[in-house]
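Morning, everyone. I'll walk you through one model today, piece by piece. Please look at the screen.

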Amino acid sequence: MPLACSRCELQRVINLETARKLGTAAGGLVGSLKGAYASLYSHSLSLNPSASFPISRVAAAVMAASTGGIAGAAAGHRMVQHLFPPGEGTPWLCLSCGHAFRVLD
Ligand SMILES: [Zn+2]
């Protein structure tokens with residue numbers, strides 16, 4: 001039997017556990033890309049374009065990417081986490097009315 005919202009009774013609900021996992025993954029990805037891009041871009045602005053690309057700059061970019069990834073993942077995690085209703089059971093979010101509720105398994 002498909003799950004329905006406990007407030008508006010529509011069946012447009014998503015599992016918040018799944019949303020949190022997706023949000024964490026997406027946040028990490030965005031953070032990584034942003035970190036890598038910002039690092040590479042800021043270096044290319046201050047460098048002579050004909051200069052060779054030192055390996056330390058690649059390392060810096062990788063560092064920035066991993067740091068940004070962790071921060072992004074944490075932000076994504078927090079963003080979904082604050083939607084969670086308190087209590088036990090599987091958390092669900094209604095896409096029609098925005099009501100968050102839990103269903104005991
Ligand atoms: Zn609803």
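Let me start with a question: is Gly87 buried or exposed? Gly87 is exposed, because 9 other C-beta atoms lie within 10 Å. Here is the rule. A residue is buried if 20 or more other C-beta atoms lie within 10 Å of its own, exposed if 12 or fewer, and partly exposed in between, with C-beta atoms placed from the backbone.

Now some ground rules. Residues are numbered from 1 along each chain as its sequence is written. This is a predicted model, where local features need pLDDT of at least 70, side-chain atom pairs count only at pLDDT 80 or more, and totals for chains, interfaces and linings use all residues. As for pLDDT, that is the predictor's confidence in each residue, from 0 to 100.

How confident is the prediction? The protein chain has an average pLDDT of 74. Of its residues, 59% score at least 70. Confidence is highest in S3, with a mean of 92. It is lowest in helix H2, residues 55-81, where the mean is 68.

Next, the layout. The protein chain holds two helices and three strands. Their order from the N terminus is β-α-α-β-β. Helices (H or I, at least four residues) and strands (E, at least two) are DSSP runs, numbered from the N terminus. The chain has 105 residues, and 23% of them are buried.

On to contacts. Two residues are in contact if their C-beta atoms, placed from the backbone, lie within 7 Å.

The three strands make an open sheet in the order S1-S2-S3, and the pairing is antiparallel. From one strand to the next, the twist averages 35°. That angle has a rule too: axes are lines fitted to C-alpha atoms, for helices over the stretch in contact, and angles run from 0 to 180 degrees between N-to-C directions. Two strands count as paired if DSSP finds at least two bridges between them.

Let's go pair by pair. S1 and S2 are joined by three bridges. Ile14 stands opposite Leu93 in S2. Val13 has Cys94 in S2 as its bridge partner. S2 and S3 are joined by four bridges, again antiparallel. Here Trp92 faces Phe101 in S3, and Leu93 faces Ala100 in S3. S2 and S3 form a hairpin, with five residues between them. In that turn, Gly98 has a positive phi of about 80°.

Why is S2 largely enclosed by the rest of the structure? Because four of its five residues are buried. Leu93 shows its surroundings well. Beyond residues up to four places away in sequence, Leu93 touches Val13, Ile14, Leu16, Ala19, Leu83 and Ala100.

That brings us to the core. A nonpolar core is a set of buried Ala, Val, Leu, Ile, Met, Phe, Trp, Tyr and Cys residues joined through C-beta atoms within 7 Å. The largest one here has six residues: Cys5, Val13, Leu16, Trp92, Leu93 and Cys94. S2 gives the largest share, three residues. In soluble globular proteins, nonpolar side chains tend to be buried together.

Now the loop between S2 and S3. His99 sits there. His99 is partly exposed, because it has 16 C-beta neighbours inside 10 Å. Leaving aside neighbours within four places in sequence, His99 contacts Cys5, Ser6, Arg7, Cys8 and Cys94. Look at Cys8: from His99 it is 91 residues away in sequence, yet 8.5 Å away in space, C-alpha to C-alpha.

Back to the loop between H2 and S2, the place of Gly87. Gly87 and Arg102 are 15 residues apart in sequence and 7.2 Å apart C-alpha to C-alpha. Glu88 is in that loop too. Glu88 is exposed, with 9 other C-beta atoms within 10 Å. Not counting residues up to four places away, Glu88 touches Arg102 and Leu104.

Last stop: Glu9, in the segment before S1. Glu9 is exposed, with 10 other C-beta atoms within 10 Å. Its phi is near 65°, a positive value in a residue other than glycine. Most residues other than glycine have a negative phi. That's the tour.
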